[in-house]
Each structure stands twice: as C-alpha cells, then as structure tokens.
Amino acid sequence: MKEFTIANLLDLEQTIAKDLFQGKTYPWEVLPEIGAFILKLGQTLSPEEYDCVGENVWIAKSAKVAPTACVNGPAIIGKEAEVRHCAFIRGNAIVGEGAVVGNSTELKNVVLFNKVQVPHYNYVGDSVLGYKSHMGAGSICSNVKSDKKLVVVKDKEEQIETGLKKFGAMLGDNVEVGCGSVLNPGTVIGRNSNIYPLSPVRGCVPADSIYKSRNEIVKKF
C-alpha cells in the first residue's frame, strides 16, 4: 500500500503540523495524537501572530472568524484562514493557512493542510485533508461504520487493520470531491484525483484518477 503513505499523499511543508507526521508511515496514524499535539504546539505560537482565545484556542491575527462560528479547543486557526457563518469546530482541529471552513461546516479531530476548502455544509471528522484539497457542497467524511467495528483500509486484495473505531477520510494534495459525495470510513484518495458528485466512495482511490463509480475509476490524461 505504498501509494497511500504520508510521503506519497501529502506535502508536509504545507502544514503547521509537520512534526505530528514525523516517524509515521500512514496519515491515519496521527488521529489519536491530534489533540495533544495542538496543546503542545499552541504554547509555542508567537503572540505577535496568534491570539489565544477561550480555552486552548489559537487564532491567527490575520484569520477571519465569523462571530456566529463556534470554535472549541484545542484548536489552531492558521494565518489568512477563513471560518464562516455558523461553522462548528468541535475541537482537536488544525485549520491550515488560507483554508476555508464554510457555513454550517462541522470539524472534529482533523488536520486541514494549507489552502484546504470545506466551504459549504460539510462534515469532516477524524480525517486529514491534504494541501489545496476541496470538498464540494454537502460532501462529508463518514467516520464510524454502521456496525461500529474497527476500520480497515482496503486496497484491492491488500488491507491494513487500523485499530481505530473512528476514521473518516485521508485526502491527498489537490483532491477534488464532488458535491453530495459520501467518503465512507477508511477512504483514502491519492493526490490530484477527482471524485464525481453524488459518489459513495469506499476503499482507496489511486492518484491522478477520476472516480466515476466503484467499478469505473479512470486515469487522468
């Protein structure tokens, strides 16, 4: 499953959480450590660049956070980020520089790399979204299996037991997710891939692909 390692999915220079990924092979390995990492990193942020508001919430002075947004700690909102009307950040969330968290979008236990956009009615829980990835309106990361069993990442005949009950999706850099799509627990999407609107996605999608359906995944030209 080499294609879906951290090295092949994510540009670690595009996140303030670079150190969180050090020493790990797959991006989902960071999920249990996000909260503690934020608490440690927050203490090191420059007070000239970040305000500490509320309890364990650090917001860059250059970020725009709507007065109607709810941001619970621990959380870090990066430089030039935008958190729009009625966004709900439940905690254990890193919002990267220049990222957009839109109206009525909910985040929980996530790392959004720089320039990520989750701008309209999205749910993103227990997930990592790579640089410049974008989720279309109403697309969500489902993070718990209906049978409540531990999540297994599957790529054709290969599979990895994660030991995690809650695991949404791992999006590589520059992934585009179409409107109304559902990324089922344990979904991993390779760099530069596109997901058709209204798609139920499960398992691994190779890099540089267009996902039309489970049985129709084509390479980009």
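Residues are numbered from 1 along each chain as its sequence is written, and side-chain values use heavy atoms, with hydrogens and water left out. Because the model is predicted, local features need pLDDT of at least 70 and side-chain atom pairs count only at pLDDT 80 or more, whereas totals for chains, interfaces and linings use all residues.

**View 1. Arginine 84 and glutamate 82 meet in a salt bridge.** A salt bridge here is a side-chain nitrogen of Lys or Arg within 4 Å of a carboxyl oxygen of Asp or Glu, and in this pair the N to O distance is 3.2 Å. Arginine 84 is partly exposed at 28% relative accessibility, and glutamate 82 is also partly exposed, with a relative accessible area of 28%; buried means under 20% relative accessible area, exposed over 50%, and partly exposed in between (1.4 Å probe, protein chains only).

**View 2. Lysine 156 forms a salt bridge with aspartate 155.** The closest N and O atoms of this pair are 3.9 Å apart. Lysine 156 counts as exposed at 74% relative accessibility, while aspartate 155 is buried, with a relative accessible area of 16%.

**View 3. Aspartate 173 and arginine 191 are joined by a salt bridge between their side chains.** The N to O distance is 3.1 Å. This pair links distant parts of the chain, 18 residues apart, with aspartate 173 in the loop between β17 (169–171) and β18 (176–177) and arginine 191 in the loop between β20 (187–189) and β21 (194–195); the strands are DSSP runs (E, at least two residues), numbered from the N terminus. Aspartate 173 is buried at 3% relative accessibility, whereas arginine 191 is partly exposed at 23%.

Notes: Helices (H or I, at least four residues) and strands (E, at least two) are DSSP runs, numbered from the N terminus.
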